[in-house]
Amino acid sequence: MENLSQEQITEKAIIYSALMLHDDEIKVTSEKIQNVLKSANIPFESYMVDMYVRFFENNEIGNLISSGGSVGTVTTETNTADKVEEEEPEPEPEPESESESDDDMFGGGLFD
């Protein structure tokens with residue numbers, strides 16, 4: 001960690017805090033992450049904590065872990081599942097009765 005800036009150290013600490021809370025099945029909130037950071041004597045800006053908490057609210061931590069941290073994959077899979085649920089099958093056209101199709105075939109039925 002010698003080569004990391006203080007901001008990078010804080011970012012890693014925020015992420016590790018969120019992972020610890022998730023592992024203990026505790027809801028990830030700004031207050032809880034800030035408590036963990038304070039306990040570990042990690043300096044932080046509250047806006048950074050809030051930014052990550054909003055990210056974790058929109059992206060399930062368990063899904064991020066299972067996808068290797070690829071947010072795009074998680075989002076794509078979720079959107080695809082939503083689209084499948086939203087799509088409704090188109091109604092099949094009703095078959096024409098024989099009398100209508102016979103009239104069309106012979107040019108009749110226009111004024112019948």
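A residue is called buried under 20% relative accessible area, exposed over 50%, and partly exposed in between, with a 1.4 Å probe and protein chains only. The structure is a predicted model, in which local features need pLDDT of at least 70 and side-chain atom pairs count only at pLDDT 80 or more, while totals for chains, interfaces and linings use all residues. Residues are numbered from 1 along each chain as its sequence is written, and side-chain values use heavy atoms, with hydrogens and water left out.

**Exercise 1. Describe the secondary structure of the protein and the confidence of the model.**

Step 1. Helices (H or I, at least four residues) and strands (E, at least two) are DSSP runs, numbered from the N terminus. The protein has six helices and zero strands, in the order α-α-α-α-α-α from the N terminus on.

Step 2. Of its 112 residues, 19% count as buried.

Step 3. The predictor's confidence in each residue is the pLDDT, from 0 to 100. Its mean over the protein is 77, and 60% of the residues reach 70 or more. Among the elements, H2 has the highest mean pLDDT (95) and helix H5 (residues 71-86) the lowest (50).

Step 4. A contact means heavy atoms within 4.5 Å. Over residues 73-78 pLDDT stays under 50, and the model has four contacts beyond four places in sequence for them.

**Exercise 2. Determine which residues of helix H3 are buried and what covers them.**

Step 1. Helix H3 comprises residues 46-58, which is 13 residues. From its first C-alpha to its last it reaches 19 Å, close to the 18 Å expected at 1.5 Å a residue; the expected span is 1.5 Å times one less than the number of residues.

Step 2. Met48, Val49, Tyr52, Val53 and Phe56 are the buried residues of H3. They lie on the same side of H3, because they cover an arc of only 135° around the axis. This arc is that of the directions from the helix axis to the C-beta atoms.

Step 3. On the other side of H3, Glu57 and Asn58 are exposed.

Step 4. The cover of the buried residues of H3 includes helix H1 (6-23), H2 and helix H4 (61-66).

**Exercise 3. Locate Gln34 and state which residues it touches.**

Step 1. Gln34 lies in helix H2 (residues 30-39).

Step 2. The relative accessible area of Gln34 is 18%, so Gln34 is buried.

Step 3. Leaving aside residues up to four places away in sequence, Gln34 touches Phe44, Ser46 and Val49. Val49 is also one of the buried residues of H3.

**Exercise 4. Classify the aromatic pairs of the protein.**

Step 1. A pair of aromatic rings is described by the distance of the centres and the angle of the planes. Rings of Phe, Tyr and Trp (its six-membered ring) pair if their centres lie within 6.5 Å; planes under 30 degrees apart count as stacked, over 60 as edge-to-face and the rest as tilted. By this rule there are two aromatic pairs.

Step 2. Tyr52 and Phe56 form a tilted pair, with 6.4 Å centre to centre and 35° between the planes. These two residues are four apart in helix H3, so about one helical turn separates them.

Step 3. The rings of Phe55 and Phe56 have centres 5.5 Å apart and planes at 65°, so this pair is edge-to-face.

Step 4. Phe55 is partly exposed because its relative accessible area is 30%, whereas Phe56, at 14%, is buried.

Step 5. Tyr52, Phe55 and Phe56 form one aromatic cluster.
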